[in-house]
Amino acid sequence: MLSLVIFLPLAVAVGLYAVPRLSDRVVAWSWIVACAVDFALVIAMWIGHGTGDGISYEANVRWIPSVRAGYHIGVDGLSLPLLALTSLLFLACAIYSLRQERQVRAFAALFLFLQTVSLGLFAALDLLLFFVFFDLSIVGMYFVIAGWGHGDRMRSALKFFLYTFLGSLVLLLGFIGLYLGAEPHTFDMVELTRTPPLAGSAGLGGLVLLAIGIGLAIKTPTVPFHTWLPPAHTDAPAAGSAILAGILLKMGTYGFIRIAMPMLPDAWRRYAWVIIIVGLISVLYGALVAFAQEDLKRLIAYTSVNHMGYIIVALGAAGAVGDQAARQLAVTGAVTQMVSHGLITGALFLLAGILYGRARTYDMGRFGGLAGGAPVFSGLVAVGAFASLGLPGFSGFIAEFQIFTGVIGSGGTAIVVVGALAILGILITAALFLRLLHRTVLGPPGELTAQVTDVHRSELGAVAPLLVLSVIIGVAPRFLLDVIEPFSAAVVSLVAR
Amino acid sequence: MITETSSVPAAVLSAPTITEQAPHIDYWLLSPLLVVFGAAVLGVLFEALVPQARRRALQLGLALAATAAAFVLTVLQGGSIPAGEAGTTLALGSVAVDRVALFLQGTILVLAFISLLLIAENRRGESAFAAQAATVPGSEEERSHILAGSQHTEVYPLVLFAVLGMQLFTAANDFLTMFIALEVMSLPLYLLCGLARRRRLFSQEAAVKYFLLGAFSSAFFLFGIALVYGYAGSVNFARVSEAIDAGGASLFEDGSGEPLLLIGIALIGVGLLFKVGAVPFHNWKPDVYQGAPTPITALMASCTLVAAFGALLRVFYTAFGASVDQWRPMLWTVAILTMVLAAVVAVTQRDIKRLLAYSSVVHAGFMLTAVVAASPEGLAGAMFYLAAYGFTTIGAFAIVTLVRTHENGPEAGELAQWAGLGRTSPLLAGSLALFLLAFAGIPLTSGFIGKFAVFEAAMAAGATPLVVVGVLSSAVTAFFYVRIIVLMFFSEPAETGPTVIRAGGLTGSAIAVGVAATFLLGVFPSPVLDNLVPQPSEEAAEPAVATADGFTR
């Protein structure tokens with residue numbers, strides 16, 4: 001069933017090309033239906049999985065036996081929320097793209113391909129399989145930006161491709177290091193997690209963690225590897241930005257939790273402080289730079305750096321010494337933050353796309369008083385902004401609250417200082433989002449305000465569910481946390497080995 | 001350090017004495033080579049005896065049948081090697097018939113078959129080759145030959161001779177046989193390079209360059225052989241290896257012979273690295289690849305590279321396997337230079353054939369990392385890489401033959417002319433994009449598995465810095481591969497855009513085979529990969545070069 005979930009979008013994409021002369025409407029609707037079916041299947045899997053801490057829906061087929069790499073997939077408390085997020089966000093993008101006019105079929109096929117790749121990555125239990133999906137996501141997103149972007153899209157797309165491709169190669173080095181370190185050599189994640197490779201040699205373990213860390217940090221991205229992100233986001237189409245921020249960035253943090261932490265526990269503990277500091281710098285630097293942006297999309301892009309920073313801080317703290325329960329809380333918070341950031345930032349990027357679709361610019365200074373002409377749009381922007389800054393009642397609050405409690409509770413004075421500094425990040429984000437609302441939604445009308453008409457039905461149908469789900473998680477998070485918590489308990493005990 | 005040894009087998013020094021009886025030769029094991037050789041000779045006879053009008057079909061049929069038959073025989077012999085054994089040697093130990101040789105010979109034959117399809121492509125009586133190579137370019141005489149529709153059907157026997165040389169080059173088990181194979185392989189190629197139909201002076205210049213540089217490298221190679229013979233007292237790889245273990249022939253009991261060996265290794269290395277096209281011996285590649293008729297470029301980029309690497313692997317694994325510590329630093333340096341320099345220079349190229357030439361140099365560097373590994377995994381990785389790269393590169397050059405500046409015009413080499421190709425002929429541009437992604441090493445293409453296999457082997461052998469350089473250079477190569485994709489798909493077509501001529505059945509099938517192989521080897525590599533890695537049978541302590549790697553010794 002998991003394989004069906006993963007490859008259904010790809011099959012539909014091939015189908016779109018197999019049937020000649022489909023009208024754009026048929027293509028768009030079959031895309032939506034495919035995404036909806038896929039989402040329903042993921043929900044069914046969620047129900048079937050329950051709240052245990054094991055792996056369900058496992059499949060393991062031989063692929064390249066000579067290097068002991070297999071088609072090994074399965075879901076657990078970490079992959080399920082991300083699979084659900086992926087299929088939901090792709091559904092939202094499909095609905096949003098109903099108004100797409102240029103090369104609809106290729107666009108739909110590319111997104112369906114990306115969906116297969118993303119789902120496959122979050123379900124992969126084999127390092128080589130993981131890497132295959134990791135690299136293909138870069139190729140897919142490259143074509144999305146280069147083909148349907150705007151502005152200086154070629155340059156941004158190439159920068160994105162080369163930067164993240166180099167990252168993926170470094171990651172591959174790390175994977176080969178893990179493979180060679182394991183006895184017997186294997187790429188199977190379950191086996192590698194059971195008996196961590198390189199346990200005896202601290203130096204090699206550190207080097208492998210360095211390679212994997214750089215590879216994933218580029219994808220996440222953390223400071224100082226974030227410079228590909230703003231141009232890629234600025235020039236990508238709205239749906240592409242939403243997927244890039246909502247799904248592709250998660251691949252980095254997912255890799256940290258799935259691969260780096262349980263497979264290199266010694267090294268992770270030893271360098272926990274490096275990781276915490278990198279995360280903290282991302283939090284503060286991302287927030288400060290976002291504060292200085294005039295361009296709406298660059299602003300949201302930099303808040304992504306900030307939000308991913310919280311996750312890195314939490315994961316680093318999970319490797320520091322301290323209270324078991326607190327570290328568990330930090331990991332749960334990190335996973336929740338991944339889901340929450342996917343929903344909220346996905347919605348914000350789609351909203352930015354609506355703005356661009358009307359006025360052909362992201363320059364906040366040229367808008368103002370949008371609430372008058374476009375009340376629903378303004379409302380959605382306001383909700384998204386408040387959700388993103390971590391207001392209670394939204395998913396962001398649940399996530400960040402857990403992260404801070406976990407980080408501060410996990411140890412001594414130094415880590416409390418880190419926690420306190422990270423909270424500063426929230427303050428800055430709050431300020432910048434209020435400034436954003438002040439400049440675009442409220443105040444006197446700007447020169448382009450007249451062009452901004454209110455949202456269409458399809459746009460509302462794409463954005464609203466994401467924000468509604470964020471509220472649901474914010475108000476009643478148990479359904480999500482019940483799935484994550486057994487997993488985070490397992491990870492924390494794996495790191496503590 | 002050379003350890004002094006008291007006794008060197010006397011047989012090492014004694015040259016094979018001429019006895020009453022002729023040596024026994026197992027003609028069955030030699031049959032793949034004999035079939036190709038016989039067909040080539042027959043082809044020469046056809047040139048003399050068959051009327052011009054019927055020659056082309058006959059020659060092509062003969063050449064295709066010979067390569068196909070030789071391939072079948074090669075496969076049969078591969079199947080007849082008992083499990084667990086590497087293979088055997090024949091003709092007084094001068095030719096090896098082992099798994100490595102058979103795999104590479106099979107690869108060469110398949111790739112040669114596809115190249116022959118490209119070579120045979122004939123559009124409205126116009127092939128890629130000059131109507132009459134002996135005429136002065138631009139002369140009346142040339143025009144009259146073109147109008148008369150003359151054709152050089154000698155091309156086919158020449159290709160067969162070259163293929164014979166390649167087959168022997170990968171299987172040669174002593175230095176003299178290897179040298180002869182090198183010449184048999186190279187001489188027809190020198191000729192073929194000068195036969196382009198268009199830009200003939202350019203093509204002839206390429207041929208002369210190739211010939212002069214090739215002759216130099218052959219001289220180096222031969223001189224190296226002489227030195228190694230002086231050191232070891234034999235040209236046979238197994239004897240050389242024994243002699244290195246023993247510290248040299250009995251003349252050098254005091255250990256004074258080592259300089260001979262080291263200089264010999266270096267000079268032989270120069271000869272082989274020249275054929276492979278590794279920096280700093282790569283300078284001929286861009287010029288020759290650009291000047292030669294594109295089908296011949298495809299043949300050289302695939303088959304010759306396979307053969308050259310086959311020889312390189314055999315020499316460094318078997319003959320010089322015992323002095324791995326001496327040659328490893330040399331290959332380290334060459335591999336790093338190759339990967340870095342070629343990748344950087346490739347970025348500045350504006351001509352598709354030159355770019356593919358530099359990319360071939362970079363890939364040679366990637367494969368050298370596997371040679372440096374000097375392990376069975378490295379050998380398997382390099383062999384897989386060679387096969388994967390061969391299919392992809394033939395496909396790429398096949399596409400180059402189709403993109404012309406205008407109908408009936410020459411090939412559009414300038415990359416700028418390729419802008420917007422993805423809009424006008426999406427299928428062609430899509431195939432090329434796939435090949436380029438495979439060169440870049442994107443997963444689900446054969447290029448990824450190949451790169452992965454060689455890097456993994458190199459890391460396992462402790463050459464991690466080399467792999468890091470390889471990774472960085474892969475990223476650089478990705479830049480110019482992706483730039484071509486951008487150019488084809490996302491740039492506005494130029495007003496003087498290229499004309500894509502319809503692929504004939506022959507070229508079309510060459511491209512189709514390339515696409516299929518690139519995909520299949522990328523998604524299901526295990527049928528090939530698993531047969532290359534010998535299953536370890538013994539848990540012996542690791543020698544300098546593992547012996548269970550499929551080479552016969």
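Q: Which residues is Leu22(A) in contact with, leaving aside its neighbours within four places in sequence?
A: Leu22(A) is in contact with Leu16(A), Val27(A) and Arg105(A), where contact means heavy atoms within 4.5 Å. The C-alpha atoms of Leu22(A) and Arg105(A) are separated by 8.4 Å, and these residues are 83 apart along the chain.

Q: Why is Leu22(A) called partly exposed?
A: Its relative accessible area is 25%. Buried means under 20%, exposed over 50%, and partly exposed in between (1.4 Å probe, protein chains only); Leu22(A) is therefore partly exposed.

Q: How do you know what confidence chain A carries?
A: This is a predicted model, in which local features need pLDDT of at least 70 and side-chain atom pairs count only at pLDDT 80 or more, while totals for chains, interfaces and linings use all residues. Side-chain values use heavy atoms, without hydrogens and water; residues are numbered from 1 along each chain, and chains are lettered from A in the order in which they are written. On the pLDDT scale (the predictor's confidence in each residue, from 0 to 100), chain A has a mean of 91, and 100% of its residues reach 70 or more.

Q: What makes up the lining of the largest pocket, by class?
A: The lining has 34 nonpolar, eight polar and four charged residues. Nonpolar covers Ala, Val, Leu, Ile, Met, Phe, Trp, Tyr, Cys and Pro; charged covers Asp, Glu, Lys and Arg; the others, Gly among them, are polar. H5(A) supplies the largest share, nine residues.

Conventions. Helices (H or I, at least four residues) and strands (E, at least two) are DSSP runs, numbered from the N terminus.
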